[in-house]
Amino acid sequence: MQLKHLKTLLTPQEGAAKVTCMAWAPNNTKFAVCTVDRVVLLYDEHGERRDKFSTKPLDAKYGKQSYVVNDMVFSPDSTKIAIGQSDNIIFVYRIGEDWGDKKAICNKFVQTSSVTHLLWPAEHAIVYGLVDGKVRLANTQTNKSSTIYGTESCVVSLASNVSGKGILSGHADGTVVRYFFDDEGSGESQGKLLMHPCPPYAVAWGANSIVVGGCDKKVVAYGREGHILQTFDYSRDRMEREFTVAATSPSGQSVVFGSYDRLRVFNWAPRRGVWDEAKPKEILNLYTITSLAWKKDGSRLCAGTLCGGVELFDCCLRRAIYKNKFEMTYVGLSQVIVRNLSTGTRVVLKSYYGYEIEEVKIMGKDRFLVAHTSDTLLLGDLLTNKLSEVPWPGSGGNEKFFFENESVCMIFNAGELSLVEYSNNEILGSVRTEFMNPHLI
C-alpha cells in the first residue's frame with residue numbers, strides 16, 4: 001500500500017487547534033471533519049467543501065465552550081451523523097441526502113460520563129465507549145440505550161472488524177476487550193482478549209490479526225486469541241513519538257498508524273501470514289496526527305492533525321490502464337476499483353472471502369468484469385453494478401465466457417457448462433456437455 005499526498009483539505013493553524021474526529025460516509029460521497037471550534041465541515045468525495053453545521057452543548061446555559069466533540073460517525077445509510085461529546089451526551093443529526101438539506105437533531109442519548117468513541121455498525125445501533133469504562137449500545141429507533149459490558153477503566157479506543165459484527169475496546173489500563181454481535185462461525189472467544197503494556201490508543205482490527213500501538217513506541221500484532229505474533233519496536237528511534245491513532249483499510253489487509261510527522265503503513269502478507277512494514281510516509285511539520293479516516297472503497301485516507309490540518313492521501317497497491325478505456329486501482333490485495341475513463345462511473349470489486357485478486361478482465365463489449373482468485377471467480381455487470389463471487393477452484397484459466405444473456409453468465413470449462421447469475425454468489429447449475437452453443441440453451 002502506497003500513500004500519495006493529493007491535497008490539503010484544511011490548512012493548519014499556527015498553534016494547537018486539534019482536529020478531534022473525522023468520518024467517511026459508507027456510500028463514499030461525503031466526508032465530515034470536526035474542528036476545534038465544534039463545527040462539522042462536510043466535503044464531497046473530491047475534497048471540495050460543500051456544507052457545514054454547528055454542534056450544540058448538552059444545555060445552552062453552560063455555553064458553547066463547555067464541551068469538546070470526541071468522536072463522530074455516519075449512519076450505515078449515510079443520511080445521519082452521530083456526535084459523541086465530553087458533556088455526557090450523544091446527538092444524532094439528520095443531514096439528508098443532498099447538500100444544503102436542513103440539519104436537524106433526531107436523537108439524543110444522555111450519559112452518566114463523557115463519551116469517548118463511537119461506532120455505527122448496524123441500522124439502528126450506535127456502539128460507544130465512556131470515560132467510566134462502559135461500552136454501551138444506543139438504539140435510534142427506540143431512543144433507549146443499554147450497557148453491553150462494563151469495565152473499571154476509561155475507553156481509549158474502539159474498533160470493529162471488517163464485517164462490523166465484532167468490536168474491540170481498548171482501555172486506559174491496557175486491556176483490550178472483544179465482543180461479537182455475531183461471530184459468523186469463527187468460534188473466537190469474547191471478553192478480555194489481551195493486556196497491552198501501555199494504554200492502547202491506536203487499535204486496528206485487520207483481516208487476520210489485531211494490531212495495537214501506544215505511547216511505548218511499539219506496534220504489536222496479536223493473533224485471534226490474544227497471543228503476540230509480531231512486534232515492531234521503534235523505542236530506540238529518536239525521531240519516533242507515541243502512536244496516537246490507527247485505521248484499518250476496508251478490506252482489512254492494510255493498517256496505518258499515526259504518530260508525529262509520520263504515517264506508518266503495514267500490509268498483511270497472506271502467503272506468509274505476517275505483517276510487512278511498507279515505507280513510512282514522512283511529512284515535516286505535520287505535527288501529531290490526531291485522527292485518521294479511511295474511505296469505504298479503500299481509495300483515500302485522510303489524516304487530521306493537532307494544528308488543525310486535514311491532509312488527503314491516495315491509497316493504492318498498483319494502478320493499471322486496461323484497453324485505454326478503464327483504470328484499475330488495486331487498493332488492497334482483495335479489492336479493485338474499476339473506473340470507466342470516458343464516463344467516470346466506477347465499480348468496487350471485492351473478494352468477500354479476502355482472497356487475492358489476480359487480474360481483472362473486461363469482456364463482452366466492455367460491459368462485464370471477470371477476475372480470478374485462488375479459489376473463487378468474480379463476475380460483474382458494469383451497467384447494473386451487480387457483482388458475484390462463486391467458488392471456483394484452480395482451473396488454469398482456460399474457461400470460455402458467453403455474455404449473450406443480460407442476467408446470467410455462461411462459463412464453459414473442461415467439458416462442463418456452468419451458469420452464474422449476476423449478484424448471486426452460488427452457481428445456478430452446471431451440466432456436462434462436449435458441445436457448447438449459447439443459442440441452444
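Two strands pair if DSSP finds at least two bridges between them. Strands here are DSSP runs of E with at least two residues, numbered from the N terminus. With that in hand, let's look at this predicted model, where local features need pLDDT of at least 70, side-chain atom pairs count only at pLDDT 80 or more, and totals for chains, interfaces and linings use all residues. Residues are numbered from 1 along each chain as its sequence is written, and side-chain values use heavy atoms, leaving out hydrogens and water.

**The sheet from β10 to β13**
- Antiparallel pairing links 4 strands into an open sheet with the order β10-β11-β12-β13.
- At its edges are β10 (115-122) and β13 (144-150), each pairing on one side only.
- From one strand to the next, the twist averages 25° (axes are lines fitted to C-alpha atoms, and angles run from 0 to 180 degrees between N-to-C directions).
- Strand β12 (residues 134-139) runs antiparallel to β13, and 6 bridges join them.
- Look for Ala138, which stands opposite Ser145 in β13.

**The sheet with β1 and β27 to β29**
- Another open sheet has 4 strands in the order β1-β29-β28-β27, with antiparallel pairing.
- β1 (2-10) and β27 (289-294) each have a single partner strand, so one side of each is left without a neighbour in the sheet.
- Neighbouring strands in this sheet are turned by 25° against each other on average, direction ignored.
- Strands β28 (residues 300-305) and β29 (residues 310-316) run antiparallel and are joined by 5 bridges.
- Ala303 has Glu311 in β29 as its bridge partner.

**A loop residue**
- Tyr62 sits in the loop between β5 (49-54) and β6 (69-74).
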